[in-house]
Amino acid sequence: AMIYGANYILAKDVMDGFLEPRGFILLRAMGATLLFWLFHRSSKSVKIERGDYWRFALAGLFGVALNQIMFFEGLQRTTPINASIIMTVNPIVVMLLSALLLKEALGWAKMVGILLGAVGAGWLISGKGEVDLLNDNTSLGNILVFINATSYGLYLIVVKPLMAKYPAIQVVKWVFLLGFVYVLPFGAVELVSAPWSSWTIDIYWKAGFVVLFTTFFAYLFNLYAMKTVSSTTVSAYIYLQPFFATIFALMLGTDELSWRLIGSAGLIFVGVYLANFYKKGYFSK
């Protein structure tokens, strides 16, 4: 969540005239795929069962290709505020799909925690500008961002059973290789035609951060997390992303501390606590 919070600030600079969105996605997929395959050389492998091939293919589609393309294409057609608000539905989608497809028990604490986190994140984000989800000029972008949120939710559901059977690094290396294959036709032209001669050291390290941390480490950490916790638990931490993004903005002097930040942060932390750590009490009686 901390990595994604920083990513909101750094990735935007790279796409500001240096690399188009789909080219950036291809760079992320290509760089992360190489890192995952190199990293896996020192780890053990388990023979993949033929019946799991389709699940790996879907994980690459939902977790890398469709997820990332829909987000960047949607962001170009809507506002960052609208996109951030729509992304708060992700844990709710995951919670419902987990109950339906994985038969995960929800419980009142988890449901209340997810809803509190959504309210807190929505309050924090909406305070940064005008929210207009029904505007005709941004409606297509809003739909694409919603597809992105749903796609990532499906990825967390699809990949969960794979984590119970195979090492995390083995899962993610195949997921990204397949995702790279899906993205290649859409991003090749933008990546090749990027104005590389105009790139500065600052842009190189920001792009490197996105490839190494936002893509390689963030996906790896999420997969290791799903070894021990549910898909709903992993998704609930998305509510911390706008909080950390705001903290980084405060550190850079581009935002100010307010009661809105304090109140929304309180709701987010209570929501994450209830969704993930609350075990017994009046909610479970």
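**Stop 1: the core**

Select Tyr239 first: leaving out residues up to four places away in sequence, Tyr239 touches Thr88, Pro91, Ile92, Ile114, Gly117, Ala118, Ala121 and Ile268, where contact means heavy atoms within 4.5 Å. This is a predicted model, in which local features need pLDDT of at least 70 and side-chain atom pairs count only at pLDDT 80 or more, while totals for chains, interfaces and linings use all residues. Residues are numbered from 1 along each chain as its sequence is written, and side-chain values use heavy atoms, with hydrogens and water left out.

Now colour the largest nonpolar core, which has 43 residues; Tyr239, Trp199 and Ile268 are among those with the most contacts inside it. A nonpolar core here is a set of buried Ala, Val, Leu, Ile, Met, Phe, Trp, Tyr and Cys residues joined through side-chain atoms within 4.5 Å. Buried means under 20% relative accessible area, exposed over 50%, and partly exposed in between (1.4 Å probe, protein chains only).

**Stop 2: Trp199**

Next, go to the loop between helix H8 (168-192) and helix H9 (201-225), where you will find Trp199. Helices (H or I, at least four residues) are DSSP runs, numbered from the N terminus. Is Trp199 buried or exposed? With 9% relative accessibility, Trp199 counts as buried. Show its surroundings and you will see contacts with Val14, Phe18, Leu19, Tyr204 and Ala207, not counting residues up to four places away in sequence.

**Stop 3: salt bridges**

The whole structure holds 6 salt bridges, each a side-chain nitrogen of Lys or Arg within 4 Å of a carboxyl oxygen of Asp or Glu. Pick Glu73 and Arg22, whose closest N and O atoms are 2.9 Å apart. Glu73 lies in helix H3 (residues 53-77) and Arg22 in helix H2 (residues 21-40), so this pair ties together parts that are 51 residues apart in sequence. Glu73 is buried, at 11% relative accessible area, whereas Arg22 is partly exposed, at 30%.

Then select Lys206 and Asp202, which form a salt bridge of 3.1 Å, N to O. They sit 4 residues apart in helix H9, so about one helical turn separates them.

**Last stop: Trp259**

Finish with Trp259 in helix H12 (residues 259-276).

Conventions. Helix = DSSP H or I, 4+ residues; strand = E, 2+ residues; numbered from the N terminus.
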